[in-house]
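Student: I have a model open and I'd like to learn how to read it. Could you take me through it, feature by feature?

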Amino acid sequence: MSGAHDVLHHAGDSPVHRLAPHVKILVAFGAVLGVVATPRTWFPLFGVYLLVVVAVWFVARVPPLWFVKRAVIETPFVVLAFLLPIFGTDPRTDFLGLSVSVEGSLAGWNILAKGTLGVLISLTLAATTAPGELLRGLQTLRVPAPLIMIATLMLRYGEVVVGEAKRMRVARISRGDDPRFLWQAGAVARSVGTLFIRSYERGERVHLAMVSRGWTGSPGGSAAVVAEVAAAPALEVSKLAFAYPDGHQALFGVDLRVERGERVAVLGPNGAGKTTFALHLNGVLSGGSGSISVAGLDVTKKNLREIRRRVGLVFQDPDDQLFCPTVAEDVAFGPRNFGMSDVDSRVRKALSAVGMESVADRSPLHLSGGQRRRVALATVLACAPEILVLDEPSANLEPVARRELAELLLSLAPTMLMVTHDLPFALQICPRSVLVDDGVVVADGPTREILADAALLARHRLELPYGFRLD
């Protein structure tokens, strides 16, 4: 799968590519400052700047056409530059039979020359420096961590948005749409609006994933030690109720007790409240009524940091969980937020546990669905949680990847709560199941017994796959 990484980075092994990333960042930053500071009437100097940039392209062995195609991003500024001479103020002069504003012409030239050079310099930096290298260069330059995190998210979700746009374009083409024709501009415009909404929704889910791994607005911190209550169950939920801001009541009073070391499946149809319930266990959602405790520690605001370390939440969509430019950085995100020691060691052990050591330096977007599931699990395992909460872990997996994931989950020691409507997968992983529907627990018992009760399943819009037998 391709993304913004392929759009803005031109892989190569030229002297420019091999130059240290922090050096390239400083040179590019200095070049942009120099261009901006150059008086707009020093016309020959702008030509010299362009020749230097083009010379760098040839040394880097990147075709000029590659840059020209990507420079269309400045089209609005080019249009503005050409409109200013026409609509600018007096005094005016004749140029090619047109009356143009002298000041407007100079202002338009200033925007066109400096804007174009700034875009080309930025594209040159992006073309010759991989996203991960850019971030490492910023770290070398001691750029504040919040700014690096912002840059990280921009790079990562540039890839996601580009990938989403490409999938939407394929879907349009498959149904007879051809965006080359003028009369189909409306469909393209609606697609852009849909893409914006999807990107916004993705951003909200990513924020939840960040919060679930200890993000508070600034990375780092100190690891706090909170005493456990030895006799307390791993998880105890009492009368949990919750309504969303729009008034939709998702939970009406859930009661659940999970002992240490248990593997419990939370079953139910779509819309039953399963995911809402799971988000409460990590403190991502709150504000309703009832109580939750993890190993005797109440899930309250003052305990959230420790709760989120103890309860590892793996989201349904790995692309919500994986937001850093490389796998290793994603796995390190949680331990760094929790102030844990030996972060590098934790990353290696977590990736080794899920069999993903070989992809540590790769972009998560370039992995298969099964690989992304494993890496998403590693991001949580690196924090050494006491409870694993998995939301639809087998969704969209091919049979081989599904089997491999099952074997991996069965090899793990933590207490496990698995939200799923994949009934055979629940039977394979979890000896016990609770059935949730309409925001309440309607059944609790051995998984095999619950799945064998066809009438119970039918009442709650669940059924075993065709040909699956419980003999």
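Student: What is the strand order of the open sheet of 6 strands?

Tutor: Two strands pair if DSSP finds at least two bridges between them; strands (E, at least two residues) and helices (H or I, at least four) are DSSP runs, numbered from the N terminus. Here the order is 8-9-10-5-11-12, with mixed pairing. Strand 8 (311-314) and strand 12 (440-446) each have a single partner strand, so they stand at the edges, with one side of each left without a neighbour in the sheet. This is a predicted model, in which local features need pLDDT of at least 70 and side-chain atom pairs count only at pLDDT 80 or more, while totals for chains, interfaces and linings use all residues. Residues are numbered from 1 along each chain as its sequence is written, and side-chain values use heavy atoms, with hydrogens and water left out.

Student: How many bridges join strand 5 to strand 10?

Tutor: Strand 5 (residues 263-267) and strand 10 (residues 415-419) run parallel and are joined by 4 bridges. In strand 10, V419 is the bridge partner of V266. Helix 11 (residues 274-281) packs on this sheet, touching strand 5, strand 8, strand 9 (387-391) and strand 10. Contact means heavy atoms within 4.5 Å.

Student: At what angle do helix 3 and helix 7 cross?

Tutor: Axes are lines fitted to C-alpha atoms, for helices over the stretch in contact, and angles run from 0 to 180 degrees between N-to-C directions. Helix 3 (residues 21-37) and helix 7 (residues 102-128) cross at roughly 175°, their axes coming within 9 Å. That makes helix 3 roughly antiparallel to helix 7 (under 35 degrees counts as roughly parallel, over 145 as roughly antiparallel, 65 to 115 as roughly perpendicular and the rest as oblique). Among the contact residues are I25 and V32 of helix 3, and L117 and I121 of helix 7.

Student: Which residues lie nearest the centre of the second largest pocket?

Tutor: Rolling a probe the size of a water molecule over the atoms shows where empty space is left. On a 1 Å grid over the protein atoms alone, probed at 1.4 Å, a pocket is an open set of points with protein on both sides within 12 Å along at least five of seven lines; lining residues have an atom within 4 Å of a point. Of the 13 lining residues here, R205, L208, T275, L279 and F315 lie nearest the centre. Helix 10 (185-212) and helix 11 each give two or more residues to the lining, and helix 10 gives the most, with 4.
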